[in-house]
Amino acid sequence: MNDKQNSQLEKEYNLAWDKYTDEDLEKVFQLSERYIEFMSKCKTERECAREFKAIAEKFGYRDLADLIKEHKALKPGDKVYADKMGKSLALFVIGREPLENGMTILGAHIDSPRLDLKQNPLYEDTDLALLETHYYGGIKKYQWVTMPLAVHGVVVKKDGTCVNIVIGEDENDPVLGVSDLLIHLASNQMSKTLAKGVEGENLNVFAGSIPIKDTEAKNRVKQNILRLLNEEYKITEEDFVSAELEIVPAGRARHYGLDKSMVMAYGQDDRICAYTSFEAMMEVKNPEKTCVTLLVDKEEIGSVGATGMHSRFFENTVAEIANLLGDYSELKVRRALTNSKMLSSDVSAAFDPNYPEVMEKKNCAYFGKGIVFNKYSGSRGKSGSNDANPEFIAEIRRIMDKYNVTWQTAELGKVDQGGGGTIAYILANYGMEVIDAGIALHNMHAPWEVASKADIYEAKKAYIAFLKEA
Ligand code: MN
Ligand code: MN
């Protein structure tokens, strides 16, 4: 065996940038432009679900709830979506093969770490109005102070009307924020650990400082804020009880790097996989097997609740689809689920030259080396992971190479350094083939996360390939 043949035995993970023609590069940058627009606009699970629904309808998708009401039969080629409480979506393109042969599924989550307003958030202290928060998902609390924050969400009034609120995104809007101590008074704080330097209970958001005119009144600044909210949104203090108001970083997603090769945005975990999966899904026409894209809520707090992956939403939806296909039985639904194949997409950690010590360099993700496949996630001896089957991984390799997709494999950091969970293991409970896939980030769970545009492009290509071939 000569040296050249010998080198073919070694596996090299290449940079996607190296294979791009000028035409490819244009497509890479066009996709990132669309992605940046989406990320600038959609910062909550509701906003994502609403936007995805609106786009899907333009692509000919119909609401499953309407089809059920109309007793409308489904046939191959039909496009349909199911919406769970405006926070989770399941999109289907009906395949030519019977549903019980299994589906080809993409999955990702559309909730992201943030600060949620408490039920009774508004209070006044020393003539300043503040909002109490309870953080959602895993955050480093010290990262959320002294930065412009926006409010996104809904207030549902007692009569059922739902008021949409977005404050802090228009350049004429005010922004909110959480304060931090000046360095000159921080000697105690600076001696604490990073985990304790800023406490969760102290993540109170500043909301105002002008009092109402009545100098005899109590809580004059708070009252003024309530007056403003009432004028603008016709809400009262009690309406906060039935609200979902999320405090998120204010401002647009941006190109990142002097060469604009990356994207900086809030909420890329996991909207980066949701967006690319969704774009791939919109390109599906008349597939052999039924294609599905699942975009779910509540992953960051354990996939709980009616809109999280642990709920029966997806299973029930598959039953409804089988019924509209005129082919429902409990057994057929079970077969459809167990015979399915899934790319469960969530973000990976990209190698960061500033923090090399947490990574094992042969088994971590790198910017520009394409979509990441994780055979397993989990922590402390793979605990809590979906350990994908090598038979399935071999199939994925074949599909990716056939479509010239740049891909890499990774673990989340060194053994026993940490770890994480996704929705993969939940779908695997049905007995289907599932592997964790996704895009690598810097700054995961920080207010502003970073991703490579090449990886975004390769992920979309991978999803298209999987939907066509798996
Ligand atoms: Mn995630
Ligand atoms: Mn996460």
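**View 1. Lys369 over the ring of Tyr366, and the ring pair beside it.** The charged end of Lys369 sits over the ring of Tyr366, at 5.0 Å from its centre, where a charge counts as sitting over a ring if NZ of Lys or CZ of Arg is within 6 Å of the ring centre and within 35 degrees of the ring normal. This is a predicted model, in which local features need pLDDT of at least 70 and side-chain atom pairs count only at pLDDT 80 or more, while totals for chains, interfaces and linings use all residues. Residues are numbered from 1 along each chain as its sequence is written, chains are lettered from A and ligands numbered from 1 in the order in which they are written, and side-chain values use heavy atoms, with hydrogens and water left out. Tyr366 is partly exposed, with a relative accessible area of 21% (buried means under 20%, exposed over 50% and partly exposed in between, with a 1.4 Å probe and protein chains only).

**View 2. Arg114 over the face of Tyr136.** Here Arg114 lies over the face of the Tyr136 ring, 3.6 Å from the ring centre.

View 3. The structure holds 13 aromatic pairs, counted where rings of Phe, Tyr and Trp (its six-membered ring) have centres within 6.5 Å, with planes under 30 degrees apart taken as stacked, over 60 as edge-to-face and the rest as tilted. One of these is the tilted pair of Phe52 and Phe278, at 4.4 Å centre to centre and with 35° between the planes. Phe52 lies in helix α3 (residues 45-58) and Phe278 in helix α8 (residues 268-282), so the pair ties together parts that are 226 residues apart in sequence; helices (H or I, at least four residues) and strands (E, at least two) are DSSP runs, numbered from the N terminus.

**View 4. Cysteine sulfurs without a disulfide.** A disulfide is taken as a pair of cysteine sulfur atoms within 2.5 Å, and by this rule the count comes to zero. For Cys48, the closest cysteine sulfur is that of Cys42, which at 5.0 Å is too far for a bond, and Cys48 is buried, with a relative accessible area of 0%. The sulfur of Cys162 also has its closest cysteine sulfur in Cys42, but at 16 Å, too far for a bond, and Cys162 is partly exposed at 44% relative accessible area.

**View 5. The largest pocket and its lining.** The largest pocket has a volume of about 1,400 Å³. On a 1 Å grid over the protein atoms alone, a pocket is an open set of points with protein on both sides within 12 Å along at least five of seven lines, a cavity is a set of points where a 1.4 Å probe fits but cannot get out, and lining residues have an atom within 4 Å of a point. Of the 48 lining residues, Ala349, Leu412, Gly413, Gly419 and Met444 are the closest to the centre of the pocket. Strands β16, β18 (378-379), β20 (419-420) and β22 (440-442) each supply at least two residues of this lining.

**View 6. The largest cavity.** The count comes to one cavity of 30 Å³ or more, and about 30 Å³ of space lies in the largest cavity, a volume being the space filled by probe spheres set on grid points that are joined across faces, edges and corners. Its lining consists of Leu99, Glu100, Ala322, Leu325, Asp327 and Lys332.
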